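Take the points in order and find each residue as it comes up.

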Amino acid sequence: MKTRYTLFAFTFGLGLVLALLVLLDSPPRTVHADPGTVYVSTTGSDGPACGTAVSPCRTIPYAVNNRAIAGDVVLVTAGTYTEPVALKAGVVISGAGARVTFIDGGSVRGPLVTANGGTITNSAVLRGFTIQHGKGTYDGGGVDITNYAAPLIENCVVRNNATDVSGGGVRVYGHAQPTFRYVSVLSNTAGRHGGGFHFAADSIATVISGEVRANTATFWQGGGISVYNSSAAAISGTRVISNWAAHYGGGIAVDYNSTAVITNVQVASNIAITIGGGVWVNQESAVTLTNGLVQGNRAREGGGVDVDFLSAILLSGTRVISNNATWSGGGIRVCDRSRGSITNVHVLSNTAQNGGGIQVTTLSSPIIVGGEVRGNTASDSGGGIHVTASSHPRLRNVVVRNNKSQGSGTSGGGGMYITSNSSAVISQVRVLSNSAAARGGGYAIAAHSTATVVGGEVRANSVTSGHGGGFYVRDSSAAAISGTSVISNYAHSSGGGIAVDSGAAANVTNTQLLSNTAGQSGGGVWVSQGSTISVSTGTVRWNEAVSGSGGGFFVTFRSTVSISATGVLNNKDGGYGGGIYLTYIVTPTIDNCLVAANTHHGIRALSSIRAVTITRSTIRDNEWGGVNMNGGHLGLHSARIYDNGQYGVYVQYGTFDVDNSVIANNSWDGLRTSSVSDGRARFNTIADNAWSGVYVWNNSTAYLTNTILSGQGAGISVSSGNTATLESTLWYNNGSDTSGSGTIVTYNNHSGNPAFVGSGDYHLTSASAALGNGVDAGIYTDLDGQTRPGGAGYDIGADEYYNSPTAVTVAAFDATAVADGSGILLEWETVNELENLGFNLYRAEMAEAGGERLQLNATLIPGRNSGSPLGAAYGFVDETAQPGVTYFYWLEALDVYGGSEFYGPAQAIMAPVLYRCYLPLLQR
């Protein structure tokens with residue numbers, strides 16, 4: 001027993017000695033007054049026993065490195081601490097609050113806080129300090145986090161630190177992944193990158209609810225925040241304000257294959273001397289900027305946001321306000337093959353020399369959807385949006401309003417300027433109340449560029465000294481405009497609605513040009529200098545050329561115009577062509593149009609005109625006359641010209657071919673010629689004109705074949721020295737068939753009642769004396785496109801009698817509520833559309849004739865088979881119908897004569913919307 005006891009005592013004693021040796025060889029551990037808490041105070045003393053509330057340590061590094069273990073909190077009382085701190089895995093360092101607890105480098109040492117290595121995770125925390133006056137000789141003046149470290153820093157202020165290179169306030173480097181929460185980074189300076197924050201070398205940083213203010217990058221980029229070299233940042237709820245960068249990214253710079261997600265961030269009053277006053281994205285980088293405010297920033301280019309060199313941006317729900325670029329892109333600039341999506345963004349009151357609101361340049365192609373571009377100013381071009389250098393943006397459902405372009409000369413584009421081989425696709429965009437000093441109040445398209453404009457509205461834009469109140473297209477550029485309303489625009493010079501100039505081209509379809517004004521010529525449309533325009537299935541109405549000609553159209557100087565299936569109505573001018581004015585070697589074609597109720601002439605062509613071709617058109621009720629042709633050749637085919645003041649057709653100093661036309665009921669003469677060397681008219685009905693049906697004078701020669709001359713003061717008048725030759729004429733009820741002392745040669749004459757349908761309809765009936773009495777004159781269709789002859793012989797006059805159907809026959813018109821409650825479906829079907837122009841739809845809440853009718857379609861619904869004996873089926877949904885209301889609908893069918901016929905009413909009611917109420921489930 002004694003031996004065993006002795007052995008136990010020896011063994012126990014030896015173990016105790018070894019344990020004491022180990023303890024003596026290790027730093028002493030404090031027995032914490034509060035378990036897991038190590039105390040630090042400026043009144044404390046570093047030593048083996050420090051760290052209690054009664055005996056705190058003096059310095060933070062000693063407490064962290066010698067007294068704290070993972071899971072501990074190092075609690076630092078108020079005061080100033082001058083020693084640099086290295087964060088430790090699992091240790092929380094907590095100050096008494098940033099207002100009273102300071103880590104201060106005295107502007108001679110730094111970085112002041114460091115975290116290095118992958119063992120530093122977010123369990124390593126620094127909170128409640130102001131980190132100030134650090135001086136880094138290379139990177140990280142205040143805080144430096146490197147090599148996979150991922151600490152949490154919160155409720156801190158990092159201020160007045162500096163470094164010679166990057167990260168004046170904070171540097172994050174080498175795959176580090178820290179989180180900064182409620183951190184203010186203020187008045188720090190970096191010699192190169194990131195005055196406030198610098199995130200680099202594959203790092204990922206998270207910044208939450210902080211403030212980055214008054215920091216400076218004295219030589220390069222990222223005055224407030226720099227995200228660089230394949231790094232990423234998530235920044236939310238933060239204010240980035242009043243930072244400065246010598247070159248790029250006054251507020252935030254994201255560069256060199258980096259990414260940033262920026263949410264609910266205010267980027268304001270930052271300055272970059274070169275590019276990107278607020279946010280700069282460069283070198284294949286990508287930024288998502290959501291629900292933010294970018295305001296009052298400045299740079300030479302990209303005052304608010306700049307996206308450069310193969311980069312991308314997703315910008316949504318953000319306001320970009322009052323930023324300034326001394327050169328381009330006051331609010332936003334997208335440059336150098338960059339792309340992105342700008343959705344529901346409000347770009348307001350920004351300024352630049354070019355692109356006051358947005359500039360898209362150098363092969364870039366962003367998509368802009370929703371939102372508005374309003375109140376921006378360009379001292380040169382593109383008050384709202386400027387597109388240049390082979391760029392290709394797409395815009396949809398954007399409002400571009402109250403922007404200004406103040407430049408002179410070739411400048412312009414109050415709303416949008418597209419230039420230098422660029423193209424834009426613009427859908428359902430409203431361009432409203434913009435102004436340009438020089439050209440293009442709404443749009444200016446120049447220098448070999450193209451614009452495709454679909455739908456939308458161009459309204460109340462103005463040019464104070466030049467052309468193109470709504471659109472200005474020039475310099476071999478092209479515009480395709482369809483389904484658009486061009487309304488109440490103003491140009492001081494020419495082209496109130498649309499101006500096409502200097503070899504440009506415009507294709508305008510299904511578009512309304514209404515109430516536009518030009519101080520000089522072309523109230524609706526002005527085309528000049530070898531340009532081309534095609535206008536189809538539209539309306540040109542109530543436009544005015546105040547002191548010049550062409551209330552509807554003015555086309556001049558070797559230009560080409562094609563107008564088809566269009567109403568040119570109620571236009572006014574101060575010259576001689578209220579509807580369409582053509583001059584100086586112009587090549588026009590006018591087909592299937594209604595030219596009516598314009599001041600002065602419906603169509604006037606003069607001064608070295610080459611040829612005018614008018615087919616299947618109605619020209620009526622114009623103040624002075626229907627067609628006035630002075631020089632060149634007039635081709636008038638299958639036209640109806642009636643009820644005009646003075647004359648129906650007046651041809652001077654040229655030649656003409658008039659066939660298959662009705663010229664009737666004009667106040668003076670039907671067809672007047674002066675100095676016409678060769679005038680030929682075949683298969684025409686010339687009736688009920690007040691003076692002469694045909695008046696030939698002033699060295700003219702005319703040949704008329706298969707003509708009805710009925711109901712005039714004189715069938716034909718030929719003054720001395722002039723000659724008219726008439727073959728196969730039907731004379732009826734003229735005051736005199738012939739008059740004048742000139743030469744009139746007639747043969748194969750016929751007398752008798754042409755027996756017109758009546759009431760302004762000059763089609764023949766079966767009782768007509770014109771039937772079968774004409775000759776073969778080389779024309780094998782009639783006014784309506786029907787084949788000649790229809791019987792044994794050719795009928796005299798414009799019509800070949802077929803007992804033909806009416807202009808358009810509607811077989812059915814119905815209204816039905818859509819099953820899903822989305823509206824009321826209107827359907828109709830035609831049997832034929834021989835002379836159909838199109839349809840209008842109307843709605844009222846009472847069936848009586850006195851009820852107010854609302855027109856549903858903004859533009860005329862064109863006939864699908866106009867000019868054809870074939871019918872078609874149509875559908876239209878009234879999406880504005882309200883549930884539970886009974887509506888009455890009418891269909892108006894318009895013909896090419898200007899007449900119309902109503903069908904209806906069709907009645908429908910959309911069922912009320914039923915709301916379900918869900919009650920809680922009760923169990924017993």
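**Notes on the predicted model**

1. Start with the overall make-up: the protein chain has 2 helices and 103 strands. Both kinds of element are DSSP runs numbered from the N terminus, where helices are H or I with at least four residues and strands are E with at least two. Keep in mind that this is a predicted model, where local features need pLDDT of at least 70, side-chain atom pairs count only at pLDDT 80 or more, and totals for chains, interfaces and linings use all residues. Residues are numbered from 1 along each chain as its sequence is written, and side-chain values use heavy atoms, with hydrogens and water left out.

2. Now the overall dimensions. The C-alpha atoms fill a box of roughly 160 × 80 × 45 Å along the principal axes. The radius of gyration is 42 Å, whereas a compact globule of 924 residues would have one near 29 Å. That radius is taken over C-alpha atoms, and the globule rule is 2.2 Å times the number of residues to the power 0.38.

3. How much of the chain is buried? Of the 924 residues, 57% count as buried (under 20% relative accessible area; exposed is over 50%, partly exposed is in between, with a 1.4 Å probe and protein chains only). As for contacts (heavy atoms within 4.5 Å), residues 24 or more positions apart account for 68% of those with a separation of 6 or more.

4. Most residues other than glycine have a negative phi, and most peptide bonds are trans. Glycine 110 and proline 111 are joined by a cis peptide bond with omega about 5°, and proline 111 sits in the loop between β6 (101-104) and β7 (113-116). Another cis bond joins arginine 788 to proline 789, with omega about -15°. Look for proline 789 in the loop between β95 (761-764) and β96 (809-817).

5. Which way does phi go at serine 269? Its phi is positive, about 60°, although serine 269 is not a glycine. This residue is in the loop between β29 (266-268) and β30 (271-272), and is partly exposed at 38% relative accessibility. Phenylalanine 309 also has a positive phi, about 50°; find it in the loop between β35 (305-307) and β36 (312-316).

6. On to charges. Side chains of opposite charge can pair when their charged atoms come close. The whole structure has 24 salt bridges, each being a side-chain nitrogen of Lys or Arg within 4 Å of a carboxyl oxygen of Asp or Glu. One of them pairs lysine 135 with aspartate 164, with the closest N and O atoms 3.0 Å apart. Lysine 135 is in strand β10 (residues 135-136) and aspartate 164 in the loop between β14 (162-163) and β15 (170-173), so the pair ties together parts that are 29 residues apart in sequence.

7. Glutamate 154 and arginine 181 also form a salt bridge, at 2.6 Å from N to O. Glutamate 154 is buried at 6% relative accessibility, whereas arginine 181 is partly exposed at 30%.

8. Finally, look at the salt bridge between glutamate 301 and arginine 300, with N and O atoms 3.2 Å apart at the closest. Through salt bridges that share partners, Arg300, Glu301, Asp306, Asp308 and Arg333 join into one network.
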